[in-house]
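The notes below are meant to be read alongside it.

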Amino acid sequence: MNADALLTPAVRAALGLASPGGRRARLSTLIFHRVLPAPDPLLPGDPDAATFRWQMRTLARHFNVLPLGEAVRHLREGSLPPRAACVTFDDGYADNLTIAAPILRELGLPATFFIATGYLDGGRMFNDTLIELARRLPGEQCDLSALGLGSHPLASAADRHKLVGVLVSHFKYQPPGTRLQAAEALAASFGVTLPDDLMMSSAQLRELRALGMEIGGHTNSHPILARQDLAAAEQEIRLGKARLEEILGESPRLFAYPNGRKGKDYTEEHVALARACGFDAAVSTNYGAASADSDPYQLPRFTPWDKTPGRFALRLLRNLYH
């Protein structure tokens with residue numbers, strides 16, 4: 001028997017103590033973005049299908065996995081089951097439907113998908129433009145002196161991954177329209193052709209909903225809300241919500257703050273906006289697990305990056321004590 005199998009009874013018992021259910025329960029909510037067909041050195045933080053499958057099997061073995069909307073209701077009522085957990089995805093990548101959803105269905109697990117509606121139907125987020133640019137740049141050197149970023153080697157996948165970090169850091173906190181246009185212009189300056197099928201189409205989003213998956217709002221263009229004036233932030237939240245209503249014929253009840261770190265990416269003003277825009281609850285990327293005392297408009301989420309089922313389960317346990 002391997003070490004991961006030996007951990008199972010002890011971890012399950014510890015999880016039961018950390019989240020016993022009822023009014024003392026704690027809710028673990030996991031964040032994902034993409035699930036890849038195979039490992040990708042430029043996307044080391046995103047699991048491939050095989051990794052995601054064992055992650056979800058481990059979660060199903062140790063936790064009671066609920067749709068987020070149902071979990072929020074139980075949390076408010078003090079009726080969460082022991083070891084409650086939710087699975088969430090941000091942004092709206094096509095592989096959420098083609099790769100992640102079949103695995104979730106295979107294991108009988110629900111999930112909630114937060115959609116940045118402005119990138120549906122052939123759009124591409126600025127960070128993906130930069131990742132795919134770094135992947136496709138010709139040669140073994142890239143001169144970015146015009147951006148004040150110097151010259152960078154491209155001889156290996158590690159070099160290209162490092163370049164992604166430099167580029168994303170440079171563009172990330174620029175205004176949404178500016179950063180997307182600038183990233184696209186940079187790709188065009190190198191004559192690089194980029195993919196236009198990374199995000200879901202409206203039809204794919206409807207298909208995902210028809211599978212029984214929950215859909216939530218994530219603004220329209222995924223801006224850093226704290227970097228916008230309040231009127232622009234409200235417009236982004238309402239536009240994303242209205243677009244989902246148009247596509248799905250129903251109003252999303254849940255919201256995820258883009259990037260999601262309190263104070264840096266959103267503030268109490270945006271919490272009030274999420275409530276005023278008609279959402280029942282909202283999630284952040286603040287680490288930890290939710291309790292009965294948690295603000296339902298700032299529910300914490302986290303992603304365990306561990307490479308084995310045992311360590312993955314232990315990370316889930318540690319998160320309950322955060």
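The model is a predicted one, and in it strand β3 (84-91) is mostly covered, with eight of its eight residues buried.

**Strand pairing around β3**

- Strand β1, which spans residues 27-32, pairs with β3 in the parallel sense over six bridges, and within this pairing L30 has V87 of β3 as its bridge partner.
- Strand β2, made up of residues 64-65, also pairs with β3 in the parallel sense, here over two bridges, and N64 stands opposite A84 in β3.

- Together with helix α4, which covers residues 95-107, the strands β3 and β4 make a β-α-β unit that is right-handed.

**Backbone positions with positive phi**

- Most residues other than glycine have a negative phi, which is the background for the two positions that follow.
- R83 is not a glycine, yet its phi is positive at about 55°; this residue lies in the loop between α3 (68-77) and β3.
- R83 counts as buried because its relative accessibility is 13%, and the cut-off for buried is under 20%.
- N259 likewise has a positive phi, of about 65°, although it is not a glycine, and its place is in the loop between β8 (254-256) and α10 (268-276).

How values were computed: Residues numbered from 1 in each chain as written. Predicted model: local features only at pLDDT ≥ 70, side-chain atom pairs only at ≥ 80, totals over all residues. Heavy atoms only, no water. Helix = DSSP H or I, 4+ residues; strand = E, 2+ residues; numbered from the N terminus. Buried < 20%, exposed > 50% of the residue type's maximum accessible area, 1.4 Å probe, protein only. Pairing = 2+ DSSP bridges. Right-handed = clockwise from strand over helix to strand, strands pointing away.
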